[in-house]
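Please open your viewer and get ready to select a few residues in turn. The tour moves from one stop to the next, with a short note on what to look for at each.

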Amino acid sequence: MPFRESALPFDNTYARLPDRFFVRIPPRPVAEPKLVRLNRDLAQHLNLAPDWLASADGVAMLAGNRVPESAEPIATAYAGHQFGSFVPRLGDGRAVLLGEVVDRDGNRRDIQLKGSGPTPFSRGGDGRAALGPVLREYIVSEAMAALGIPTTRSLAAVTTGEPVFRETALPGAVLTRVASSHIRVGTFQYFAARGDLEALRSLAWHVIERHYPNVAGAEPYRALLEAVVARQADLVAQWLLVGFIHGVMNTDNTSIAGETIDYGPCAFMDEYDPATVFSSIDQLGRYAYARQPAIAHWNLTRFAETLLPLLADNEDKAVEEAREALKTFEPRFEARFNAGLRRKIGLFTERDEDLDLLRDLLEAMADSKADFTLTFRRLCHAVIGPEGEQGFRALFADGSAIDTWMSRWRTRTAMEQPDGAARRAVMQSVNPAFIPRNHRVEAVIRAAEDRGDFGPFEELLEVLSAPYADRPEFEAYAAPPAPEERVLQTFCGT
Ligand code: AMP
Ligand code: MG
């Protein structure tokens with residue numbers, strides 16, 4: 001039986017919240033919708049019929065030209081600290097939430113069109129997105145998902161047939177973003193800034209039911225805060241373990257569900273340097289690679305502040321509760337990060353001296369500007385014995401220093417099982433060969449924008465869909481950029 005649009009399973013709990021949570025507004029139609037890519041596997045998982053989505057009616061929906069009956073498009077309200085300064089009203093200025101669907105695992109997911117036209121939150125912006133940033137978000141979010149890191153997903157990208165004007169005219173596009181929800185730290189801040197306690201309470205319970213159903217008992221708000229802290233700590237640890245730099249960790253880009261969200265000037269680091277910053281708008285290095293844990297903690301502190309009136313009747317008591325909850329961030333992050341690093345060098349038990357071993361490797365990497373991803377991937381091969389260590393060694397300028405490290409590492413790995421090929425396989429399952437390297441993402445965008453060629457986009461997505469696999473045919477994608485290919489800056493996705 002052909003799929004009927006009326007069977008689209010939108011079910012919209014956010015649109016049932018009080019009116020002041022959002023503005024009802026349809027996406028603004030575009031001239032000439034054209035499908036660039038549909039994520040068929042994801043569509044299937046969301047119970048959204050892929051063949052229908054790829055049809056003219058489906059593409060019309062993905063472009064915002066057609067609003068299915070069960071959808072209830074809204075632009076959500078939120079505030080946020082941007083680079084440390086509070087903006088009391090941001091909101092979806094270029095996105096609408098079409099509605100929610102329940103996926104095949106029973107999880108509720110938002111379906112949002114990004115680049116769908118102006119809303120009351122646009123603040124003078126055009127509400128649109130250019131093709132380049134849409135492709136970047138599609139690639140990097142899907143790569144993160146394949147790496148196993150919590151993230152929003154990309155269901156589809158369409159071009160609009162309309163130009164958007166930035167420094168120059170660029171092809172316009174709409175991304176269909178899928179998220180556990182689009183509720184941000186900034187959503188809580190929006191109501192807290194207005195002293196709207198009733199809204200805060202409704203939002204907190206919406207979040208508990210949706211994302212943290214195990215939170216209950218005598219102190220639900222404290223438990224909620226701790227649960228959000230834990231997810232952010234885990235998330236940032238996972239970012240660091242693959243060399244990811246978010247680029248704009250503003251509180252409006254911090255998901256309450258703990259997913260990576262809002263891929264603007266994000267990038268993966270090639271050469272290891274903890275101070276790496278790519279974003280052209282981050283002049284002070286606020287969101288540098290190694291600062292991300294501290295910034296996540298700062299953002300969570302802003303979240304905790306919004307909950308103060310709920311945490312206790314007495315202000316001192318509320319502050320104390322918030323402090324205690326925030327204290328759980330650091331040990332949680334450290335534990336997750338160190339355990340991840342141990343696994344990356346092939347250790348599955350814990351010994352006190354491991355932290356020195358890890359620190360010394362990172363220092364040697366920084367000294368040699370070794371490629372972050374290649375270092376760990378090549379170490380997987382070195383684990384089979386001295387015959388496998390050449391590639392790893394070649395990444396370091398000072399051969400004798402890294403030899404000293406290698407012999408300590410061999411002594412340490414010899415203390416536990418498994419060995420040889422078995423250990424290599426386990427190490428390879430946590431050390432990706434393929435990440436969305438900036439020069440590759442740039443090349444994809446250039447081909448699409450300049451020549452209308454989406455072949456490189458498709459191929460890069462294919463490579464990144466299995467980041468831990470050994471695929472000799474894609475060897476070139478594992479390589480760092482040649483000097484002339486290096487991307488030094490990324491630009492915000494606006
Ligand atoms: P972002 O930098 O994408 O996280 O966006 C920050 C804020 O600016 C959000 O409120 C966005 O909705 C808004 N915004 C970004 N780009 C545009 C645009 N082209 N038109 C209108 N609003 C925008
Ligand atoms: Mg944002």
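Start by selecting His211 and Ser181: a polar contact of 2.9 Å joins their side chains. Such a contact is a pair of N or O atoms within 3.5 Å; within protein, one must be able to donate a hydrogen and the other to accept it, and residues adjacent in sequence count only if both atoms are side-chain atoms.

Before going further, a word on what you are viewing: this is a predicted model, in which local features need pLDDT of at least 70, side-chain atom pairs count only at pLDDT 80 or more, and totals for chains, interfaces and linings use all residues. Residues are numbered from 1 along each chain as its sequence is written, chains are lettered from A and ligands numbered from 1 in the order in which they are written, and side-chain values use heavy atoms, with hydrogens and water left out.

**Around helix α6**

Stay with His211, which sits in helix α6. Helices here are DSSP runs (H or I, at least four residues), as are strands (E, at least two), numbered from the N terminus. His211 counts as buried because its relative accessible area is 8%; buried means under 20%, exposed over 50%, and partly exposed in between (1.4 Å probe, protein chains only).

Now select Ile208, found in α6 (residues 197–211). Its relative accessibility is 3%, so Ile208 is buried. Next comes Tyr212, in the loop between α6 and α7 (220–242). Tyr212 is buried too, at 4% relative accessibility.

**Ligand 1**

Which residues come nearest to ligand 1? Of the 18 residues around it, they are Gly91, Gly93, Arg123, Asp126 and Gly127; a residue is near if one of its heavy atoms lies within 4 Å. Zoom in on Gly91, where a backbone N or O atom lies 2.7 Å from an oxygen atom of ligand 1. At Gly93, a polar backbone atom is 2.7 Å from an oxygen atom of the ligand. Then try Arg128: a polar backbone atom there lies 3.4 Å from a nitrogen atom of ligand 1. Taken alone, ligand 1 exposes 480 Å², and the protein buries 87% of that (areas by the Shrake-Rupley method with a 1.4 Å probe).

Colour the shell by class and you will find 2 nonpolar, 8 polar and 8 charged residues. Here Ala, Val, Leu, Ile, Met, Phe, Trp, Tyr, Cys and Pro count as nonpolar, Asp, Glu, Lys and Arg as charged, and the others, Gly among them, as polar. At least three shell residues come from each of domain 1 (5–182) and domain 2 (186–265 + 292–328), with bounds from an automatic or database domain assignment.

**Backbone stops**

Most residues other than glycine have a negative phi, and most peptide bonds are trans. Phe83 has a positive phi of about 50°, and lies in the loop between β4 (80–82) and β5 (85–87). With a relative accessible area of 28%, Phe83 is partly exposed. Lys369 has a positive phi near 50°, in the loop between α11 (354–368) and α12 (372–382). Finish at Pro418, where the peptide bond from Gln417 is cis, with omega near -10°.
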